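This briefing is intended for reading alongside the sequence and the coordinates. It is arranged by topic.

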Amino acid sequence: MKLRACFVFLLISILLVVSACGGSSGANETSSTSNAPEQSAVEPKDLVVAFGAEPLTLDPHDADDAVSNQANNILYDKLVTFDRNNQIVPELATEWKISDDGLKMTFKLREGVTFQDGTPFNAEAVKINFERIINPDHKLSRHSLYAEFIDKIVVDSEYQVTFQFKKPFGPAISAFAHGAGGIISPKAIQENQEIAKNPAGTGPYKLKSWTPGTEIVFEPNENYWGEKPQFKSITFKPVPENSSRTIMLENGEADIIVPLPTQDVERIKQSDEFVVDIAPIYRTFHLWINNKKPLFQDVRVRQALNYAVDKETIVEKILLGQGRVADAAIGSTVYGYSPVGSYPYDPEKAKQLLAEAGVKPGTKIKLWTPDGRYMMDSKITEFIQANLTDVGFDVEFQKWEWGAYSAMMDDPNKDFDLMVFSWGTSTGDADWGLRPVYTTDGSNNYGKYSNPEVDELIAKGLASSDLVERTKIYNQAMSIIKEDAPMVFLVENTQTVGISKKVEGTYTLGNGYVILRSAVKK
């Protein structure tokens, strides 16, 4: 009966997908940038986008930061992708189906596609790519996204490939739509090319040059199989300082800035030259607690930290209402979300819990944050420093450049107490919002949180294909996580983008990526 129920769910999912494919032209017209440009009438121009940080790698299988995924989005195609309504639609696969027992997923592939190095795209290329990711010897950061459920990849014919699963996996199609599913030239993989700096995908743009710390320039892929690239070039510039990004937009040095600083939103909105796109996204902003340190092994101390931080003021005064207090470990637009509540701001309760745990006033703790990677990240962390000082801690505050911060996070010997962390559930499904971050062996469990009951519940949710059952399971897991307080739960983010009115056709996905493929500049 379970297998039958699984089949029914998956059949419904496929029908929904097919429906979404057919309905992709019915795009969300509420976006300020949703008017489709008449691309053929516009001469291609150069586009400059300023981000708060720089991409760290152009290898989609090893990218776990949003800015890298943003770059990889124009370099690589995936089997399937998200449309502007966050529905899954075909890309390099033209159609797909799941077996009755939920253990096989077969993709029919697009014909006539070549990689940017001239290698033909086919089923063997798909096999080589996913075998690369699921091989633990390669130590790729996105290994766990696929290795958890893919058992074997079988080439059925030149343009058909079948994935055999270890067990029924409800969010499988969402995982294939993740940026990590970008298909790299098999020639580049087999020749052991340094893909992080020398990408070779099938996407509409290819890498022209990369000057670290200054800019990455992309140029059109003349042989792109899809809609012709609309820009002569796309340049990404890392600009961590908030006001500098806004100035670049205003003086014409940048056409798009991400994020637009909150303090500048209303002023930019009043201008006739720009639009502001504020989009709900799957990202949540937290403060990791180092659960391995003796000070934080007492749950009363971790809960005290949650009571000590004034989340409402962060949302209202620092983010100026662009976001909401997080009431679960995942964002409210993620599939499988349900609220479990938040810790109210109660410094007296925090002091009481700290006293009960034997924490003396003046205890020193370190508080780390990147500067410019996330919206108002260092400003929020400075405010948290004041909150924690008010309940008796002696807080050592440190800001980091994003590249150094990201490298530090991957260091297994990092010696932190409290560390700002943001997680975007880029598949849009609760499994990828919880499993990497909150399971004992999670790939992004930086705070070393471990609760066997939570591990078991997340694994149970992963194996289920029942919509209602999965949500109930994840609610149980998130309720336990809230009580364990392995981090300070802060804010559910929005993505705020400043755009010149000369640019039309951009939009922001739920995973936070600003999509440039269909944009044009007048």
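The points below concern nonpolar cores, a helix pair and backbone geometry. The model is predicted. Its largest nonpolar core has 147 residues, and helices α14 and α16 cross in a left-handed manner.

**Nonpolar cores**
- In soluble globular proteins, nonpolar side chains tend to be buried together.
- Within the largest nonpolar core, of 147 residues, those with the most contacts are F107, F130, Y146, F163 and F176.
- Beyond its neighbours within four places in sequence, F107 contacts L79, V80, A93, E95, W96, Y159, Q160, V161, F163, I173 and F176.
- Another core, of 12 residues, lies apart from the largest one and includes V239, L249, V265 and F274.

**Helix pair α14 and α16**
- The axes of α14 (residues 430–438) and α16 (residues 467–484) come within 11 Å and cross at roughly 35°.
- This crossing of α14 and α16 is left-handed.
- From α14, the contact is made by A430, D431, L434 and Y438, and from α16 by R470, Y474, M478 and I481.
- By class, the contact of α14 with α16 has 6 nonpolar and 2 charged residues, with no polar ones.

**Backbone geometry**
- Most residues other than glycine have a negative phi, and most peptide bonds are trans.
- V258 and P259 are joined by a cis peptide bond with omega of about -10°; P259 is found in the loop between β11 (256–258) and α8 (265–270).
- N192, not a glycine, has a positive phi of about 55°. It is found in the loop between α6 (186–190) and β8 (205–211), and N192 counts as exposed at 68% relative accessibility.
- K448, also not a glycine, has a positive phi of about 60°. K448 is placed in the loop between α14 and α15 (452–463) and is partly exposed, with a relative accessible area of 43%.

Terms used: Residues numbered from 1 in each chain as written. Predicted model: local features only at pLDDT ≥ 70, side-chain atom pairs only at ≥ 80, totals over all residues. Heavy atoms only, no water. Axes fitted to C-alpha atoms, helices over the stretch in contact; angles between N-to-C directions. Helix = DSSP H or I, 4+ residues; strand = E, 2+ residues; numbered from the N terminus. Left-handed = near helix turned anticlockwise from the far one by under 90°. Contact = heavy atoms within 4.5 Å. Nonpolar A, V, L, I, M, F, W, Y, C, P; charged D, E, K, R; others polar. Core = buried A, V, L, I, M, F, W, Y, C linked by side-chain atoms within 4.5 Å. Buried < 20%, exposed > 50% of the residue type's maximum accessible area, 1.4 Å probe, protein only.
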